[in-house]
Amino acid sequence: MVAVWAAIDKAFTPRRSISPALGLCTSTAVAAVIISGWCIATYGGLVDTLFFPPPHRVVLAFWKVLLNGSLARNAWASLVVINLGFLLSSVIAIPLGIMMGSFRIVSAALEPVVNFTRYLPVTSMIPLLILWIGIGLNEKIAVIFIGTFFQQLVMFSDVSARVPNELFNAAYTLGANRRQVVMRVLLPATLPGVIDTLRVTMGWAWTYLVVAELVASSSGLGYMSMQAMRGLHADLIFVAILVIGFLGLVMDQIFKWIKIVALPWSRQR
Amino acid sequence: MGTVTVDSLDLRFASRHAPDVIALNNLSLEIPDKQFAVIVGPSGCGKSSLLDIIAGLREPSGGVCKLDEQPVNGPGKERGMVFQNYSLFPWLSVLKNVEFGLSLQGRSARETTERARYYVNAVGLSSFENAYPNQLSGGMKQRVAIARSLANDPEVMLMDEPFGALDSQTRTVMQQLLLGIWEKEQKTVLFVTHDIDEALYLGEKVYVMSARPGRIIDTVSVDFAHPRSYELSTSPQFIELKRRIQHSLHAEVHKALAVAAA
């Protein structure tokens, strides 16, 4: 008993590491509390199961859409849209942002426009985008692009601006010219920050994707949710939310993994 | 050759809300080829700025710097620099860091690697040539920085408090290593520090710099024979020279504090 209290006492010391076993127990316990809360609320009749389905109904709904192929179809549609929008945005934002952070002239040209646009909610532009491009693939890509691009630009610019001056100066005093400093110092120095930024903005891109699919779409996980709502299938909405969460987690882990494997030198020790 | 001439250098920083800061005022000095020169001065006296100007990384407000009668106009590989910290390329291994300058010149890969290996070995890091900077201690990082600068074969090595962030034991080891290399390579070195012991142990000539505005207030010839041993620092001549520099600096430090307080 005393040992348990000592362990708990230690665990609440800031920054102090805890044993892996205690960590695992704590994580499992919290997950168990959430799931049992869900069970008690639904099976115990505390909520209307029409709007708040019990776990087994969600599992069954998942099984159903998995078997009839609609889950795969909609998940694929969402993945295509998010990756196209995100790729398009990143391909332009990475070089432009890096230049913005390290070339005063580029920053003078872009910063006012970017800072204004950045605070316009993308959602407010959706009606306009629908008028201009309709409700197909392009409109959804446009929503993701606008939502991600301006944020990315500012973040990449920040990454670039934070490259220590000493690195540039070291390269110059070793005989590097301007082009060599950009290609062999600025670009590699920004890599870890670029990957971190991609990881964070990918999370935001998921939000814009779902918004675009909820508003106007004929496929995708957001669309699946919307259809389920019309038929009062709350269990299917749960499935869509969980799948979106899962896919987001997978993407996040992929970026994390890329950084560990491709940039072993960037780890903090 | 590597003769550095600094002629009536001025450095002023304009400020909108306060009077202009005069960092360097009419500073002149001449460092002959192959000399190990040390500039010692209180922090904020502009000694790092002086080094930046000679390196071509900063433009003076007035005056000129020359290397072998050639006016300095921007940075160049004939003036190598070792910074206090954060200057290794973290994405390159030790060997690749040392190869960096050579690889810019389009030399053959074999020659580049051979030369880099020689200097990695000279600073005692052969078994770490494939390590990344984040795996090295502070002292090891500075060894790499020194090797990187030497491999490029500069006419003059500018060293900006390179051991300032190290603990005193490591610093002693690094000073001995640097002296050993200098005795072999015979290069002009301009070394900046605020540590009088370091200045006297390393330098053939010690320039004492005043508080802002920075100028040279004393020039001390240090005639100890090479190779130098660290026991030197307890010899009467060493202590006498130290007292002399301390005396000039003491007044300067108080002046600096008074300026800061005003």
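Predicted model: local features only at pLDDT ≥ 70, side-chain atom pairs only at ≥ 80, totals over all residues.
Student: Into which domains is chain A divided, and how many Å separate their centres?

Tutor: Chain A is divided into domain 1, which covers residues 21-52, and domain 2, which covers residues 59-266. Taken over C-alpha atoms, the centres of domain 1 and domain 2 of chain A are separated by 32 Å.

Student: Which helices of chain A do the buried residues of α10(A) pack against?

Tutor: Helix α10 of chain A spans residues 221-230, and its buried residues are Leu221(A), Gly222(A), Tyr223(A), Met224(A) and Ser225(A). Just after this helix, Leu232(A) takes a positive phi of about 55°. The helices of chain A against which the buried residues of α10(A) pack are α4 (70-102), α9 (178-215) and α11 (234-262).

Student: Is Thr201(A) buried or exposed, and why?

Tutor: Thr201(A) is found in helix α9 of chain A, and, leaving aside residues up to four places away in sequence, Thr201(A) touches Thr148(A), Gln151(A), Gln152(A) and Met155(A). A residue is buried if 20 or more other C-beta atoms lie within 10 Å of its own. Because Thr201(A) has 21 C-beta neighbours inside 10 Å, Thr201(A) counts as buried.

Student: How many Å apart in space are Thr201(A) and Ala262(A)?

Tutor: In sequence, Thr201(A) and Ala262(A) are 61 residues apart. In space, taken from C-alpha to C-alpha, the separation of Thr201(A) and Ala262(A) is 20 Å.

Student: Where does chain B touch chain A, and which elements of chain B give two or more residues to that side?

Tutor: The contact takes 17 residues from chain A and 21 residues from chain B. On the side of chain B that touches chain A, the residues divide into 12 nonpolar, seven polar and two charged. The elements of chain B that give two or more residues to this side are β6 (79-82) and α2 (94-104).

Student: Which helix gives the largest share of the side of domain 1 of chain B that touches domain 2 of chain B?

Tutor: Chain B is divided into domain 1, made of residues 4-78 + 155-261, and domain 2, made of residues 87-153, with 26 Å between their centres, taken over C-alpha atoms. The contact takes 13 residues from domain 1 of chain B and 11 residues from domain 2 of chain B, and the residues on the domain 1 side divide into 10 nonpolar, one polar and two charged. The largest share of that side, seven residues, comes from helix α5 (residues 168-185) of chain B.

Student: In the four-strand open sheet of chain B, which are the edge strands?

Tutor: The four strands of this open sheet stand in the order β2-β1-β4-β5, and the pairing is antiparallel. The strands that each pair on one side only, and so are the edge strands under the pairing rule of at least two bridges, are β2 (21-31) and β5 (70-71) of chain B.

Student: What angle does helix α1 of chain B make with the direction of β1(B)?

Tutor: Strand β1 (residues 4-13) of chain B is joined to β2(B) by seven bridges, and the two run antiparallel, with Arg12(B) standing opposite Ile22(B) in β2(B). Helix α1 (residues 47-55) of chain B packs on the sheet, where it touches β1, β2 and β4 (62-67) of chain B. The direction of helix α1 of chain B makes with that of β1(B) an angle of about 120°.

Student: In the six-strand open sheet of chain B, what is the average twist from one strand to the next?

Tutor: This sheet has the order β6-β7-β8-β3-β9-β10, and its pairing is mixed. Strands β7 (residues 156-160) and β8 (residues 188-193) of chain B pair in the parallel sense over five bridges, whereas β9 (residues 205-209) and β10 (residues 216-221) of chain B pair in the antiparallel sense over five bridges. The edge strands are β6 and β10 of chain B. From one strand to the next, the twist averages 20°.

Student: Which residue is the bridge partner of Met159(B) in β8(B)?

Tutor: Strands β7 and β8 of chain B pair in the parallel sense. In β8(B), the bridge partner of Met159(B) is Phe191(B).

Note on methods:
Residues numbered from 1 in each chain as written. Chains lettered and ligands numbered in written order. Contact = placed C-beta atoms within 7 Å. Nonpolar A, V, L, I, M, F, W, Y, C, P; charged D, E, K, R; others polar. Domains from an automatic or database assignment. Buried ≥ 20, exposed ≤ 12 C-beta atoms within 10 Å, placed from the backbone. Axes fitted to C-alpha atoms, helices over the stretch in contact; angles between N-to-C directions.
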